[in-house]
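Please study the sequence and the structure shown below. The briefing that follows describes selected local features, grouped by topic.

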Amino acid sequence: MSTIPGLLAPGSLTPAEDFVTAPTGLRVLGLDLSLTSTGVCLPDGTSYRIKTRDRDGDRRLVAIRDNIREALAEHRPHLAVIEDLPKHAMSAGLTAQVHGPVKCELIDADVPFGFVVPATLKSFACDNGRADKREMAAAAYLAAGAEFPGDLNARGEGGDMCDAWWLRAAGHDWVGRPLFALPRAQRDRLVKAKWPSAYRQRYVMGVAA
């Protein structure tokens with residue numbers, strides 16, 4: 001697979017001075033919330049989608065909530081990173097409905113959470129705030145050999161699992177335990193995200209049980 005702007009070619013990645021090759025113990029959950037197809041990346045790097053149907057109406061919120069509740073109970077993450085609502089997005093109202101119950105589950109489970117807007121996530125992954133879904137997937141492959149079968153349709157739409165994967169990677173990077181090396185300029189884009197308080201940051205970095 002060819003290189004894309006902002007990402008080095010396979011084999012040319014060299015660890016940064018503060019790069020941790022094995023972030024043992026830290027558990028980060030990535031969540032790309034959507035009423036129709038929520039992307040989830042578990043702390044072990046496994047990704048999947050929570051698909052719902054229009055005909056199920058508001059019960060879709062229950063299905064998503066229950067799935068996240070089970071994931072929290074099983075994997076006990078130290079941090080969750082959620083894709084934030086983009087400004088002026090036509091579908092933001094529907095996605096916002098999902099944020100409520102998911103945030104309640106995170107609060108009940110005492111899991112601190114941060115928010116990263118799509119443009120910041122794309123800049124972190126690809127050094128391009130307008131990168132498309134295929135570029136995000138290519139960046140994940142170049143960075144860590146990650147692939148997401150069935151995540152994109154023939155028109156290049158979807159990408160929920162890939163986005164969740166990058167959100168998990170952003171969380172690792174923020175606490176100083178990156179999963180792979182990236183150019184410093186891309187990593188610095190994460191300062192624009194909304195992260196938990198300094199107290200919560202120390203809690204996460206301490207990797208409590």
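Contact here means heavy atoms within 4.5 Å. The model is predicted: local features need pLDDT of at least 70, side-chain atom pairs count only at pLDDT 80 or more, and totals for chains, interfaces and linings use all residues. Residues are numbered from 1 along each chain as its sequence is written, and side-chain values use heavy atoms, with hydrogens and water left out.

- Leu29 belongs to strand E1 (residues 28-32); helices (H or I, at least four residues) and strands (E, at least two) are DSSP runs, numbered from the N terminus.
- Leu29 counts as buried because its relative accessibility is 2%, where buried means under 20% relative accessible area, exposed over 50% and partly exposed in between (1.4 Å probe, protein chains only).
- Leaving aside residues up to four places away in sequence, the contacts of Leu29 include Val40, Leu72 and Val81.

- Strands E2 (residues 37-41) and E3 (residues 47-51) run antiparallel and are joined by five bridges; two strands pair if DSSP finds at least two bridges between them.
- Within this pairing, Gly39 is opposite Arg49 in E3.
- Five residues lie between the two strands of the hairpin, and Gly45 in the turn has a positive phi of about 95 degrees.

**Helix H4**

- The buried residues of helix H4 include Met136 and Leu142, and helix H3 (118-126) and helix H5 (160-174) are among the elements covering the buried residues of H4.
- After H4 comes Gly145, with a positive phi near 70 degrees.
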